[in-house]
Amino acid sequence: MKTCLVVDDSSVIRKVARRILEKFDFRITEAEDGHQAVELVQQEMPDAILLDWNMPVMDGYEFLRELRAMPGGDVPKVVFCTTENDVAHIAKALRAGANEYIMKPFDKDIVEAKFHEVGLI
């Protein structure tokens, strides 16, 4: 069973993402900010990370930079979620190591398509 870390400060988004990803047989762990996510990936590196961009404590960009610098941090496929659709913002995330992005709000079909694109489904 593949693992996915869902990182978002919104409990509602985490719950929606969990329900969607469990239908694709992912085992889900959750973090509400980048700092918690760092602690979790140090314990177990997931196959996938669904990552919010704007969070308190440590945002998605800072987390992604730390993740990619860790031993094994190049392994997880990272799909970042954002409400911002400006090209510069998306390019910054992709340059930092994100594999794909999803615009909020998202649904099952969007998640399935993006996870399929990066080879997770």
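Helices (DSSP runs of H or I with at least four residues) and strands (DSSP runs of E with at least two) are numbered from the N terminus. Residues are numbered from 1 along each chain as its sequence is written. The model is predicted, and local features need pLDDT of at least 70, side-chain atom pairs count only at pLDDT 80 or more, and totals for chains, interfaces and linings use all residues, while side-chain values use heavy atoms, with hydrogens and water left out.

**Exercise 1. Find where Lys23 lies, and decide whether Lys23 is buried or exposed.**

Solution. Next take the accessibility, for which buried means under 20% relative accessible area, exposed means over 50%, and partly exposed lies in between (1.4 Å probe, protein chains only). Lys23 has a relative accessible area of 60%, and is therefore exposed. Finally, compare sequence with space: Lys23 and Ile110 are separated by 87 residues in sequence, and by 14 Å in space from C-alpha to C-alpha.

**Exercise 2. Describe which residues of helix 2 are buried and what covers them.**

Solution. The buried residues of helix 2 (residues 34-43) are Gly34, Ala37, Val38 and Val41. Because they cover an arc of only 105° around the axis, they are on the same side of helix 2; the arc is that of the directions from the helix axis to the C-beta atoms. On the other side of helix 2, Gln42 and Gln43 are exposed. The cover over the buried residues of helix 2 includes strand 1 (2-7), strand 2 (26-31), strand 3 (48-52) and helix 3.

**Exercise 3. Work out how helix 2 and helix 3 are arranged, and which residues make their contact.**

Solution. Axes are lines fitted to C-alpha atoms, for helices over the stretch in contact, and angles run from 0 to 180 degrees between N-to-C directions. The axes of helix 2 and helix 3 cross at roughly 20° and come within 9 Å. Angles under 35 degrees count as roughly parallel, over 145 as roughly antiparallel, 65 to 115 as roughly perpendicular and the rest as oblique, and helix 2 and helix 3 are therefore roughly parallel to each other. On the side of helix 2, the contact (heavy atoms within 4.5 Å) is made by Gly34, Ala37, Val38 and Val41, and on the side of helix 3 by Phe63, Glu66 and Leu67. Gly34, Ala37, Val38 and Val41 are also the residues named as buried in helix 2.

**Exercise 4. Describe how helix 3 and helix 4 pack, and which residues make their contact.**

Solution. Helix 3 (residues 60-69) packs against helix 4 (residues 87-96) at an angle of about 20°, with the axes 9 Å apart. That angle makes helix 3 roughly parallel to helix 4. Helix 3 contributes Tyr61, Leu64, Arg65 and Arg68 to the contact, and helix 4 contributes Lys92, Ala93 and Ala96.
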